[in-house]
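My notes follow in the order I made them.

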Amino acid sequence: MPTTRTERVGIKVSDDVVRVRQITRAFALEVGLSLVDQTKIVTASSELARNTLDYGGGGEVTAEIVEQGGRRGVRLTFDDKGPGIADIEQALKDGFTSGRGMGLGLGGAKRLSNEFSIVSEPGLGTKITIARWK
Amino acid sequence: MDRIPILKFGNALLVTIQVDMHDQLATALEEDLTSKIVSHNARGVLIDISALDVVDSFIGRMLDNIAAVSRILDADTVVVGMRPAVAITLVELGLSLTGVKTALNVERGMAMIHDRLAGSEADDADDED
């Protein structure tokens with residue numbers, strides 16, 4: 001899958017969550033996503049960036065503009081070296097939270113994306129990739 | 001630290017959120033509004049979010065909390081100006097803000113607060129009879 005643009009943002013303080021939203025918005029605009037689709041991927045990026053900060057102890061996101069079969073899309077990969085998620089199925093359920101949120105972050109981000117994948121190893125960290133296609 | 005300004009408008013408070021809020025700013029607004037409802041004896045809170053192009057679960061929860069706390073303090077909260085794309089996204093996210101009153105714009109939101117106040121004043125008048 002060719003990547004035409006890449007940007008990395010560290011997620012260490014809550015201002016970084018705002019920066020992740022802004023970069024996601026810029027990439028979504030560049031790809032030409034509709035206003036509703038822009039809003040969905042930006043909201044998903046906000047949820048996942050906050051998870052990276054609150055539960056992963058900080059990390060980074062790689063934002064990419066990708067092309068596949070003539071379609072363009074935005075792909076975001078959130079990476080942290082935190083405690084990991086022991087039960088991914090449970091973490092994806094609405095209402096499940098181990099922190100201060102409403103427990104909508106992970107499941108909500110999945111619903112707002114066209115593609116969603118999660119790899120997590122207890123004690124080693126979590127990697128979540130989402131994409132939204134035009 | 002930055003703060004979102006809160007204006008007094010008759011016996012209501014008016015907040016216009018014009019910046020992309022980080023989480024501490026949202027939490028500070030929640031606390032500031034709660035204390036101002038009491039110190040200004042406010043009966044209504046109007047929150048204009050027409051400038052926000054994203055409302056995620058954290059800001060959604062802040063709006064829900066403000067509405068719940070103000071209700072306990074005998075003030076009505078009306079959220080106005082939500083963009084259509086934001087509304088669609090919030091519902092898909094799983095946040096339908098059931099505890100929050102909404103209006104399309106500031107005029108209608110202010111009218112909702114005034115209607116409620118007029119109603120409660122009429123009740124007060126009845127009590128005196």
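**Helix packing notes**

I began with handedness: helix α1 of chain A crosses α2 of chain A in the right-handed sense (right-handed if the near helix is turned clockwise from the far one by less than a right angle, left-handed if anticlockwise). This is a predicted model, where local features need pLDDT of at least 70 and side-chain atom pairs 80 or more, while totals for chains, interfaces and linings use all residues. Numbering runs from 1 along each chain as written, chains are lettered from A and ligands numbered from 1 in written order, and side-chain values use heavy atoms without hydrogens or water.

I listed the contact (heavy atoms within 4.5 Å) of this pair. From α1(A) come A:Ser14, A:Val17, A:Val20, A:Arg21, A:Thr24, A:Arg25, A:Ala28 and A:Leu29. Partners on α2(A) include A:Leu35, A:Val42, A:Ala49 and A:Leu53. By class I find 9 nonpolar, 6 polar and 3 charged residues.

Next I took the geometry. The axes of α1(A) and α2(A) lie 9 Å apart, at an angle of about 150 degrees. The two are therefore roughly antiparallel (over 145 degrees; under 35 is roughly parallel, 65 to 115 roughly perpendicular, the rest oblique).

I checked the length of α1(A), residues 14-31. Its 18 residues should span 26 Å at 1.5 Å a residue, and the end C-alpha atoms are 26 Å apart, so the two agree (expected span: 1.5 Å times one less than the number of residues). Buried residues (under 20% relative accessible area, 1.4 Å probe, protein chains only) include A:Val17, A:Val20, A:Ile23 and A:Phe27. The buried set packs against β1, α2, β2 and β3 of chain A, and against α1 of chain B. A:Gly32 follows the helix with a positive phi, near 90 degrees.

**A:Val9**

I then moved to strand β1 of chain A, which holds A:Val9. This residue counts as buried because its relative accessibility is 2%. Beyond its neighbours within four places, A:Val9 contacts A:Arg19, A:Val20 and A:Ile23, as well as A:Gly59, A:Glu60 and A:Val61. A:Thr62 is 53 residues away in sequence, yet 6.6 Å away C-alpha to C-alpha.

**Across the chains**

Last, I looked at α2(A) with α3 of chain B. Their axes come within 9 Å and cross at roughly 50 degrees, so the helices are oblique. The class count is 6 nonpolar, 3 polar and 3 charged.

Technical notes. Axes fitted to C-alpha atoms, helices over the stretch in contact; angles between N-to-C directions. Helix = DSSP H or I, 4+ residues; strand = E, 2+ residues; numbered from the N terminus. Nonpolar A, V, L, I, M, F, W, Y, C, P; charged D, E, K, R; others polar. Buried < 20%, exposed > 50% of the residue type's maximum accessible area, 1.4 Å probe, protein only.
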